Amino acid sequence: EKSGYEHFMLKEIHEQPQSLRDVMRGRLLPEEGMSRLGGITLSDADLAKVERITITACGTSWHAGLLGEYLLEELARIPVDVQYASEFRYKNPVIEDNTLVLAISQSGETADTLAALREAKRRGALTMGIVNVVGSTIARETDFGMHLHAGPEIGVASTKAFTSQIVALVLFSLYMGRRRDMSVLEGREMVEALQRLPDQVEEILQQTDDLRTLAEEFADARNFLYLGRGYQFPVALEGALKLKEVSYIHAEGYPAAEMKHGPIALIDEEMPVVFLAPRDPVYAKVVSNIEEVKARSGRVIAVVSDDAPELQGKVDHLIRVPQTVPALLPVLTTIPLQLLAYHAAILRGCDVDQPRNLAKSVTVE
Ligand code: F6R
């Protein structure tokens, strides 16, 4: 069942080139620089009326939702807010006419996400789902949506579902963006970058031995910080969550520049700091955040997207991922963080597929 892999988590990490091909299959229109989404059964006229999107989810799916905010605002110019489903369901959410509520869930059964969705429907919202499990409750109760087609995810820690959620959100942003003010040339560039993505993930997966060596150096750490900006901020949150849940090392994710408003007090020679620093529009800003950490003797692991000459000799470890458009870099930078968490957990003797206190699908409040 694990097809030769020692754990489902490792198998599912390695399945990502395939799960990414599957979420894109039949959905790319290279000439038009567009996506075709058969599950979005809304008329063009009704789609044009969407003025605001509220995304609701839990855990890793909430991190994908946060990326959805950056993606939809940047590519489709639609205002987005992202809410924890457990908060949304008990506050008094403002749902205006023309608000679309988007629920993101791997299982389609998470109790809080389902309750948030039902509350949104009660208030007359149009609802959409991005769900992996076909026929699940959230898939059935939303007005329309997209399936991930990632195949079953057995490991409790979500891996392949997260990267497929990101790509689904890119496809949806393209779908909305090209109906608004995204040019055909921008659309084509995105489609071409999407087509390259599975092979780029494959390339990163070949670094698994390097990441094991890195994990050996840090497996005894008691704390970790993960920092990123823009599209890499949600990746920082997800990297920290993955490490916490499978290796039980305490970790926090932060927007890199928020560090100086408090967490910088934690930095000393004991503190590993993972910086997400691929080449994107905020790269130079992230480099100066790295310098702030090095000035306080933190141990820096930087995930970069090329040779990063600015960082040579300045950081303790460089992890390289291939270059792509900024909107797709989160898929690539996530992979080494999954592997780092996996190897750290194994070295610490943890049960990666069944971490203590966690269940795959949280169907109670
Ligand atoms: C973390 C993880 C959880 C889930 C969360 C939502 O690795 O798996 O945080 O993401 O419980 O689950 P779904 O996506 O099934 O609604």
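**Close-ups of the ligand site and a salt bridge**

**View 1. The shell around the ligand.** In this predicted model, 13 residues surround the ligand, and the closest are S61, S105, Q106, T110 and E245; a residue is near a molecule if one of its heavy atoms lies within 4 Å of it. The shell splits into three nonpolar, eight polar and two charged residues, with Gly counted as polar. Helices α4 (59-76) and α11 (232-247) each bring at least two shell residues, and α4 gives the most, with three; helices are DSSP runs (H or I, at least four residues).

View 2. Q106 has a backbone N or O atom 2.7 Å from a ligand oxygen, and T60 has one at 3.1 Å. E245 uses its side chain instead, with an N or O atom 2.5 Å from an oxygen of the ligand. The protein covers 90% of the 410 Å² of accessible area that the ligand has on its own (Shrake-Rupley, 1.4 Å probe).

**View 3. The E31–R188 salt bridge.** The side chains of E31 and R188 pair up at 3.8 Å, N to O; the rule is a Lys or Arg side-chain nitrogen within 4 Å of an Asp or Glu carboxyl oxygen. E31 is in the loop between β1 (28-29) and β2 (34-35) and R188 is in helix α9 (residues 184-205), so the pair ties together parts 157 residues apart in sequence. Strands are DSSP runs too (E, at least two residues). The total comes to 24 salt bridges.

**Notes.** Residues are numbered from 1 along each chain as its sequence is written, and side-chain values use heavy atoms, leaving out hydrogens and water. Local features need pLDDT of at least 70 and side-chain atom pairs count only at pLDDT 80 or more, while totals for chains, interfaces and linings use all residues.

Notes:
A polar contact is a pair of N or O atoms within 3.5 Å; within protein, one must be able to donate a hydrogen and the other to accept it, and residues adjacent in sequence count only if both atoms are side-chain atoms.
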